[in-house]
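Please read it with the coordinates open.

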Amino acid sequence: MFNNILRLKPGLKPAKIVIICLIFLTILSLSSIYSSLHQAGEFSEQEIFHKEIMWVVISWVILILFSFVNYRIYFDLAYVLYAINIVLLIAVDLFGRSALGAQRWLNIGGFNFQPSELSKIITIFFLARVFSSQTDKGFFKGAILPFSILMLNVLLIVKQPDLGTALVLVFLFFLIGFASANKKRYFIGMIIAALIFSPFAFNHLKDYQKKRLVVFLNPNAEPLGAGYTIIQSKIAIGSGKLLGKGFLSGTQNQFNFLPERHTDFIFTVIAEEWGFLGAMVLLMIYIFIINNILLVARYQKDNFAQLILIGMACLFFIHIFINIGMTLGILPVVGIPLLFISYGGTHLLVSFMLLGIFLNIYRQ
Amino acid sequence: MSSSKDNFIISLKRIYVTAFLVLCVSLLYYQIIKGNYYLIRAKNNYVRVIPERSIRGKIFDRNGVTLAYDKPSFNIAVIPYQIKNKKNALLDELAKFCNLKVKSLNRNYNRKFQNFFTPVDIIADIDKKEAFRIEEKFGDEVLIDPQPQRYYAYPQETAHLLGYVKEAASFYERLKKYGYSPNERIGISGIEQYYDDYLRGVDGGDLIEVNSSGRIIGFLGKLNSVRGKDISLTIDSRMQRAAYESIDGKKGALIFMDSKNGEIFSLVSYPSFDPNSFVKGKDEVTNFLNDKNKPMQNRAIQSTFPLGSTFKPIVAAAALQENKLKPSTTFICNGKLNIGKAEFECENVHNDENLYEALVHSCNVYFYNVGILLGRQIMASYAEKFGLNSISGIDIPYEKKGTIPVSSIKLRSRWYLGDTLNLSIGQGYTECSPLEIMLAINAFANDGFLVKPHLIKTIDNIEIAEPKSNKLDISSQNILIVKKALLGVVESDEGTSRMLKPLNLSIAGKTGTAQTNGRPHGWFVGFFPADEPRYTICVFLENGGSSYEALKVAYSFLEKIKEQQLL
């Protein structure tokens, strides 16, 4: 199986597989959010569900639209988009709406919009353009300068504070950097420097972020505080057993023991209601999607497109791994949504945009 | 396409597939291997038992008068999860509102806390109006938790006898393995402890579904609580009260018993305490615990004291049985006996006296001589036969047994002849509980049978068989000789207990004044009517001054119950 998964030869058309997977994920997403919005058998928050349906429709439209936009335009616009992105983040800082202790949203025409999600996609364009050059530009131009420019973005997001997204961006920098023509040792050196620097960075985290990291190490330290979510999540996942408790029948979900269950902890709901088998099917679908993105990347001749696809695959992978890892208590709770499933408009929109770009690259 | 990029993509795949395998293995571990464990935890999460305390069995006296029963009380409880962020502020406010100490609320909270969702009683036993007043003020943050509460009809009078109940929380670690829950009440000391298994019943409760904020969202079923069994005692509540009134104000104990079968009619110890206050928490109770007069001590069975002259009948019986003495044997009393340089005193100069006269006058010199004839070993072995260093087996816990100088005990110094003399008049190494000496003297009422004292009459309306008595190997004839003398102690004009004669009860008995470092202890042990004894009484006054004080208490008690026609 391991070799099969790793096989990088074109079989069924990648675009078709990805679309089929996406349809399946959309159904799973809507049904899981529908279930998680129930409380003790009552559909308590219909409004949120209706909003989500609207977001799904918009996302599919965006997917189709983006699949027709020639991706080379992003090469030309990369730096401009990056500048706009920075402006938007500053706007969030100045005029943004805050919720759950974080200031992440901009209200545009009645919609709450999260620029930090958008900055993931723009960062991929930016990095793909910077690193798409076929020659080694040297340590400063090839590594330090792009990193410094990226840090502007990262720090603005840390300030919101949205630690999860900020870490994802830093991670993307190194992954796409490794894939570039630059010498690997530039980036290895920077990683070592970052590790040395990280304890100082820890001191600058918000209290709740520090707490989350501490609780990650010992969830029982605070059974009613931050650790509560992890404990309840584990109970929910474990009690699903092989086949799950059935749709709308997850007791942890229905009796309100799981906070944030339609957003960051949606995987818990799926694992509780559909069991180990359901979770495995979900993971397989993710593997299909990422595999096909990497497959297209491998046979891609355009350096820029290739780096975009690698960045996309990495972004998807990080989201899935960190999100599921945190619901299982093997990674800290950093507030990253589950790809294509979690409630949250901007996140869905951005993911679909990326897949639209993927479809376009594939068609070219 | 460079091959280095190709390799990069392949290693990227390896990394992410490995990472996904880690997720798979974790899921396998949580869902398949530990699935059942988490399923149980999930159920415990949302299924809760709202405990319904069982009603504890009632305790009746021999005539069906209720001594202890459960009545509903109102407690104020909080649900920890609901108040987790504002606990301190809420307790502060509650304390202020109810004029209580925050400290005691906090203590109750910590002591009774079980989990985040089970209500914790923080204020116990308030009246209904006050409970609703608090609920009105604090709304959903508190709830009224009605619970049965133990109530004692004659609290001071029966405190030592019945004991009291307390929530198991304070001893929970120890009791867990016996199936107690922290909110359950457990009998502490007395009848409540001894018969706890019968009295306690089985707690029930409502099985409910709750959501994460502890709100009830469904009802799954009910487990009915089982009432504890009622028990009735051999106690006569009127005698018990008369006994308490008679001894009121004097440190000591009074026991009144059926001579034939060992049924206890009354058993009081003074000073006493109020068992009703134990359910309310510790504040009032510390007064009892710290009182230097030790009101919690049951002086009738849990303490031992020097016997004084009440020991003499046993010495007499021993000497008669060992043929060291005839009833007619006389010794001359000059008011003292010199042994070497030491002088051993008597109360009076009795001149020549036989055994009868010596007992009636309680002549020390006579018994010094008898003691010399018998020696330490024989006297001690007879004391042992009479049960002065053994547990009587009365159904009250923590009975203490007496000390007598049998060869096996460790002495503080060498045994001198003077010690033998002291032993013969019940001083020195002879210390017993009032119950023990009462049972020993009762043997003279009972043709040499040592009865087993007991308090239980019926459990759940089923008669409890009386324990069997043991016969001492002392001839009836010798028993009768001593018994006659004991009758003379009260009923003759010279007897030391003649003060009781006007009661016309034909009492046989013996007084004792035991020397201590402080004021002497006063004793009186007796039985009546002498021909066919039915009742045995023991009065003990700790540092009471003399036996005369004990006689006064006995007189007052017997007069009272005679007036009430209880005999």
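1. Terms for burial. A residue is buried if 20 or more other C-beta atoms lie within 10 Å of its own, exposed if 12 or fewer, and partly exposed in between; the C-beta atoms are placed from the backbone. B:Asn504, with 11 C-beta neighbours inside 10 Å, therefore counts as exposed.

2. Basis. This is a predicted model: local features need pLDDT of at least 70, side-chain atom pairs count only at pLDDT 80 or more, and totals for chains, interfaces and linings use all residues. Residues are numbered from 1 along each chain as its sequence is written, while chains are lettered from A and ligands numbered from 1 in the order in which they are written.

3. Overall content. Helices (H or I, at least four residues) and strands (E, at least two) are DSSP runs, numbered from the N terminus. Chain A has 14 helices and five strands. Chain B has 18 helices and 25 strands. Of the 364 residues in chain A, 50% are buried; of the 567 in chain B, 48% are.

4. Contact range. Two residues are in contact if their C-beta atoms, placed from the backbone, lie within 7 Å. In chain A, 71% of the contacts with a separation of 6 or more are between residues 24 or more positions apart. In chain B, 70% of contacts between residues at least 6 apart join residues at least 24 apart.

5. Interface. Chain A contributes 39 residues to the contact and chain B contributes 33. On the side of chain A, the elements that give two or more residues include helix 1 (2-6), helix 7 (163-179) and helix 13 (303-327). The largest share, eleven residues, comes from helix 12 of chain A. By class, this side has 27 nonpolar, eight polar and four charged residues. Here Ala, Val, Leu, Ile, Met, Phe, Trp, Tyr, Cys and Pro count as nonpolar, Asp, Glu, Lys and Arg as charged, and the others, Gly among them, as polar.

6. The five-stranded sheet of chain B. Strands pair if DSSP finds at least two bridges between them. The sheet is open, with the order 12-11-25-24-23 and antiparallel pairing. Strand 12 (264-270) and strand 23 each have a single partner strand, so one side of each is left without a neighbour in the sheet. Neighbouring strands are turned by 5° against each other on average, direction ignored. Six bridges join strand 11 (residues 252-258) to strand 12. B:Ile255 stands opposite B:Leu267 in strand 12.

7. Helices on that sheet. Axes are lines fitted to C-alpha atoms, for helices over the stretch in contact, and angles run from 0 to 180 degrees between N-to-C directions. Helix 10 (residues 237-247) of chain B lies across strand 11 and strand 12, at about 30° to strand 12. Helix 16 (residues 434-445) of chain B touches strand 11, strand 23, strand 24 (521-528) and strand 25 (535-541), and its direction makes about 145° with that of strand 25.

8. A helix pair. Helix 12 (residues 312-321) and helix 17 (residues 476-491) of chain B pack at about 145°, with axes 9 Å apart. Residues meeting there include B:Pro313 and B:Leu320 from helix 12, and B:Ile479 and B:Val482 from helix 17. The contact has eight nonpolar, two polar and no charged residues.

9. B:Ser492 is in the loop between helix 17 and strand 23 (508-514) of chain B. It counts as partly exposed because it has 17 C-beta neighbours inside 10 Å. Leaving out residues up to four places away in sequence, B:Ser492 touches B:Val360 and B:Arg498. B:Val360 is 132 residues from B:Ser492 in sequence, yet 8.0 Å from it, C-alpha to C-alpha.

10. Backbone points to check. Most residues other than glycine have a negative phi, and most peptide bonds are trans. B:Asn504, in the loop between helix 17 and strand 23, has a phi near 55°. B:Asn323 has a phi near 60° and lies in the loop between helix 12 and strand 14 (331-333) of chain B. A cis peptide bond joins B:Tyr270 and B:Pro271, with omega about 0°. The bond from B:Phe528 to B:Pro529 is also cis, with omega near -15°. B:Pro529 sits in the loop between strand 24 and strand 25 of chain B.
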